[in-house]
Amino acid sequence: MDTPFYAEFSTRSNFSFREGASHPEELAVTAMRLGHGALGIADRNTVAGVVRAHMAAKEAKLAYHPGTRLVFSEGTPDVTAYPRDRAAWGRLCRLLTTGNLRGEKGAADLRLEDLLEWGEGLNLAVMAGTGERPGETSSVRLEPVQALRAAFGKAVRLATAPGFSVSDRHWLEMAAADARACGVSLMAVNDVTCHAPARRPLADVLASIRLHEPVARSGFALAPNAEGHLKSPAEMARLFRRHPDAIAETQRFHRELAFSLDELRYEYPDDVVAPGAT
């Protein structure tokens, strides 16, 4: 059986402070080694690590897409956002600036209205969660997904990751039903926070620092397993074997993204450069 195309678009590096446990370079090299068709890194409310990932992916000859994971302050589910072109990259940066100026240092105050204002030209994947915690009964709030679908059409997907629990089949079916109800495509992700399972202890330490609790007292706030690492396309296809279209959607998502950091150049406003100066 041929290995399907797969690209991971829910990936956090150590630039997601106290969340990601791997460097962008490690993620890029591992994705190439596993046979990914492309890689998107989306850190929490920042694009700080995109250059390091871009350079590593270029050296590894892997298609790379810079993005960010938008984490909102008013209950909107997390959204991974990737610019399709240079103009959309500028709007994404303005969106992040808006949230950072409104919030405190390290705690951006992003709202759904900001994304609706600045989201033109972005490919968006609303994170439906994993259903990995006891008592979870709903995959995602539908209202924000519907609002984004109304504003940006087919640029919006619903992304879901396996929770590696007994409820996985039910959870994936529920996410697929939510996607149909909102008129968007379901996209497979693994909600990656490290490049290899061996980083699990470090991930637990980072989580305990974030929680201001010792690891031994962090309980269910820690990841329930070491599965949040990059997986091969074949393994992702196995996990989503009942929803192969969710795997194929990663290729469609990838093909729509034409922006590269190589397009960026220094640009000075006219009022900064003195008349006659170069």
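Are Tyr82 and Phe253 buried or exposed? Both are buried, where buried means under 20% relative accessible area, exposed over 50% and partly exposed in between, with a 1.4 Å probe and protein chains only.

Before the details, some ground rules. This is a predicted model, in which local features need pLDDT of at least 70 and side-chain atom pairs count only at pLDDT 80 or more, while totals for chains, interfaces and linings use all residues. Residues are numbered from 1 along each chain as its sequence is written, and side-chain values use heavy atoms, with hydrogens and water left out.

Now the aromatic rings. A pair of aromatic rings is described by the distance of the centres and the angle of the planes. Rings of Phe, Tyr and Trp (its six-membered ring) pair if their centres lie within 6.5 Å; planes under 30 degrees apart count as stacked, over 60 as edge-to-face and the rest as tilted. That rule gives 4 aromatic pairs. One of them is Phe9 with Tyr82: the centres are 5.2 Å apart and the planes at 80 degrees, so this pair is edge-to-face. Phe9 sits in the loop between strand 1 (7–8) and helix 1 (24–34), and Tyr82 in strand 4 (residues 79–83), so the contact ties together parts 73 residues apart in sequence. Helices (H or I, at least four residues) and strands (E, at least two) are DSSP runs, numbered from the N terminus.

Phe9 has a relative accessible area of 0%, and Tyr82 is also at 0%. Tyr82 pairs with Phe253 as well, with centres 5.8 Å apart and planes at 90 degrees, so that pair is edge-to-face. Phe253 belongs to helix 9 (residues 244–255), so its pairing with Tyr82 in strand 4 links parts 171 residues apart in sequence. Phe9, Tyr82 and Phe253 form one aromatic cluster.
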